[in-house]
Amino acid sequence: MFLSSISSKCCFLLQLSSVWKYKRRVKVQKPCPNSTARNHFSMYRTSIMESPGSSGYLIVDANGGLNQQRSAICNAVAVAGLLNAILVIPRFELNSVWRDPSQFGDIYDEEHFINNLKGYVNVVRELPEALMERYDQNISNIPNFRVQAWATVNYYLGVVLPILRDQRVIRIAPFANRLTMNVPSHIQLLRCITNYKALKFSPPISSLAEKLVSRMIERSSMTGGKYVSVHQRFEQDMVAFSCCVYEGGEAEKLKMDSFREQEWKGKFKRKDRVIVPALNRIEGKCPLTPVEVGLMLRGMGFENNTSIYIASGKIYQAEKHLAPLREMFPLLYTKESLATPDELAPFEGHSSKLAALDYTVSLFSEVFVTTQGGNFPQFLMGHRRFLFNGHSKTIKPDKRKLVVLLQDMDISWKAFKDEMEVMLAESDRKGMMVPRVKKFNRKTSIYTYPLPECACLQSSNNSTFRLTEGANVLNSHHESTR
């Protein structure tokens, strides 16, 4: 459209001061006194238990992709604490879209998980033999108890707890979003501990992820080791699910219809489902293409020597769609371009492991750009807020406005640039806003807005990179690049 008219009149350093506008101030928080937190749990458990000991064993099946499973794990620990139950290491369901057979130990460090929850929630790898014999050595034989979405604390205490006490074991599947955000503070703390302390990626993932972050920093020498990560949700499944039109024509329609039917079995053919691609686009529901993301970033002031990391699965028609983005940003990288084929070989066919690599590289970017909703950006934004005490820059564009501007064939590059600068300022303003959290009345996700409840888990050390040790992601030797 107006790729050819992109100019570089402004000095890069002047541009840098505005687009990288980012204060990495770390407010020192007092650490949570472990003994006090544990005393709260002891008193709470005593108040709901008629007799000492646990209520029984909790088994959950975590469904979805990497971060939906992460949500289920955090909620499972919270529910186990609420019911004074022993948690069996969560099982991962094989998702029809993600098709990743990985189990908990393939993604996370089991030993670390168990040890970091000691004193809060007891975690075991499997049921005792006596219970397994009751169900013929097959956990699937345990009757599945279905819990309503966003179930309340009262529901768990009034409905689930009596069954758990009676049966000594309960299995809940699926377990995504099965606990309300509004829980007592000592239960909320369990979510924080799980998400930021207990969940550590397995050694193979952590090792390669650290290498990728180091390589991104090395390749970003022109910007002081700083880089931008973009969550580019433009894979074939996302394009198909959105029902948006990109190439147009009968060939694309047949391909997308076939893919939708294969993956979602008639969901898009129901008589009550009205699909209007043009309306979806106007309402900002269509995934942004790589070229649209590139135009947006150039308009916001990012120069062509900015290092960009694309966090994504396989881009739909990648060669065609990534070419113009690479033209705008030659320093464009992906996990595939940063890692060697041998390094990536063990990860092939495991979408959650690959997503964990993207998650870590994006976590330590100077700027994170989210182009579509979903669990990945929500968890990542929350994790970055936790690590850097709210001072992490995220660009969340106004897609409705962006679509109108991109479709305006008469707009000049200067006018578009002015609009993008306004959009960036608005994104920054909203990013600084923290939803007001009233005691016992949280409506927003603690995974997206972890403060203030999780603040006491932040390290008291002034080094932001030593804060990462608490998040179990990287070592502090990257500190000098910040």
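Cys243 is buried in this predicted model, its relative accessible area being 8%, which falls under the 20% below which a residue is counted as buried. The backbone at this position is also of note, for Cys243 has a positive phi of about 60° although the residue is not a glycine. As to its place in the chain, Cys243 belongs to the loop that runs between helix H10, covering 236-242, and helix H11, covering 249-264.

A positive phi is likewise found at Lys265, where the angle is about 40° and the residue is again not a glycine. Lys265 is placed in the loop between H11 and helix H12, the latter spanning 277-282. With a relative accessibility of 63%, Lys265 counts as exposed, because the cut-off for that class is over 50%, whereas Cys243, at 8%, is buried.

Cis peptide bonds are described next. Another cis peptide bond is formed between Leu451 and Pro452, for which omega is about 15°. Pro452 is located in the loop between helix H20, which covers 413-432, and helix H21, which covers 464-471.

Methods
Residues numbered from 1 in each chain as written. Predicted model: local features only at pLDDT ≥ 70, side-chain atom pairs only at ≥ 80, totals over all residues. Heavy atoms only, no water. Helix = DSSP H or I, 4+ residues; strand = E, 2+ residues; numbered from the N terminus. Buried < 20%, exposed > 50% of the residue type's maximum accessible area, 1.4 Å probe, protein only.
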